[in-house]
Amino acid sequence: MKHLLLLIVICIPLFLAGCLSPNSVRVVNDMYQAALMEEEEKVASYFSEDFLEAHPIKELTHELAEDVRAMYGVNMMNITLIRDRELQDDYIESLGLSDEQEVYVITAQTDEREVMVWIVERGRSQYTILQGERYDFDTYHDIVLD
């Protein structure tokens, strides 16, 4: 009985963390999961056409899967939504997106020195990853964070 209670106590926070994650964070999380499983078609479904034109899906899937392996799993990548108030005004302007777009900035740690910053747009029927940029931590703090 104690083992069952311990299991429940451990699982509830993990379950709640997944349920309470914003959808934009889940999109990035699911994209990394699909890359790890080498599901190129599913990985491609998360990205905009413009992004895929600049990044061949085979190479993109391989790179994303390597990031997951380097961090020993998606759960260890610290995938996080960065709130608008945490972003530098210059960074928001540099994205070149229209004011009508509902976009989110999501970060994912890719190794002990780097972070990937994803720009995710909420569309009518789905979230789409528009941009992705890799930064070392110092540059990330200087350019992205306020």
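Which residue follows H2, and is its phi positive or negative?

1. Glu38 follows H2, and its phi is positive, near 60°. Keep in mind that this is a predicted model.

2. Start with the length of H2, which covers residues 23–36. At 1.5 Å a residue, its 14 residues should span 20 Å. The end C-alpha atoms of H2 are 20 Å apart, so the two values agree.

3. Next, look at how H2 packs. Two packed helices are described by the angle between their axes and the distance between the axes. The axes of H2 and H5 (residues 57–70) come within 8 Å and cross at roughly 100°. Angles of 65 to 115 degrees count as roughly perpendicular, and H2 and H5 are therefore roughly perpendicular to each other.

4. Now the contact itself. From H2 come Met31, Tyr32, Ala35 and Leu36. They meet Thr61, Leu64, Ala65, Asp67, Val68 and Arg69 in H5. By class, this contact has 7 nonpolar, 1 polar and 2 charged residues.

5. Several residues of H2 are buried, including Val25, Val28, Met31, Tyr32 and Ala35. The cover over the buried residues of H2 includes helices H3 and H5 and strands E1, E2, E3 and E4.

6. The largest nonpolar core has 26 residues. Tyr32, Phe47 and Trp118 touch the most other members. H2, H5, E2, E3 and E4 each give two or more residues to this core. H2 supplies the largest share, 7 residues.

7. Finally, follow Tyr32. Beyond its neighbours within four places in sequence, its contacts include Leu64, Val68, Ile79, Met116 and Trp118. Another core, of 12 residues, lies apart from the largest one, with Leu95, Val105, Val115 and Val117 among its members.

Methods. Residues are numbered from 1 along each chain as its sequence is written. This is a predicted model: local features need pLDDT of at least 70, side-chain atom pairs count only at pLDDT 80 or more; totals for chains, interfaces and linings use all residues. Side-chain values use heavy atoms; hydrogens and water are left out. Axes are lines fitted to C-alpha atoms, for helices over the stretch in contact, and angles run from 0 to 180 degrees between N-to-C directions. Helices (H or I, at least four residues) and strands (E, at least two) are DSSP runs, numbered from the N terminus. Angles under 35 degrees count as roughly parallel, over 145 as roughly antiparallel, 65 to 115 as roughly perpendicular and the rest as oblique. Contact means heavy atoms within 4.5 Å. Ala, Val, Leu, Ile, Met, Phe, Trp, Tyr, Cys and Pro count as nonpolar, Asp, Glu, Lys and Arg as charged, and the others, Gly among them, as polar. The expected span of a helix is 1.5 Å times one less than its number of residues. Buried means under 20% relative accessible area, exposed over 50%, partly exposed in between (1.4 Å probe, protein chains only). A nonpolar core is a set of buried Ala, Val, Leu, Ile, Met, Phe, Trp, Tyr and Cys residues joined through side-chain atoms within 4.5 Å.
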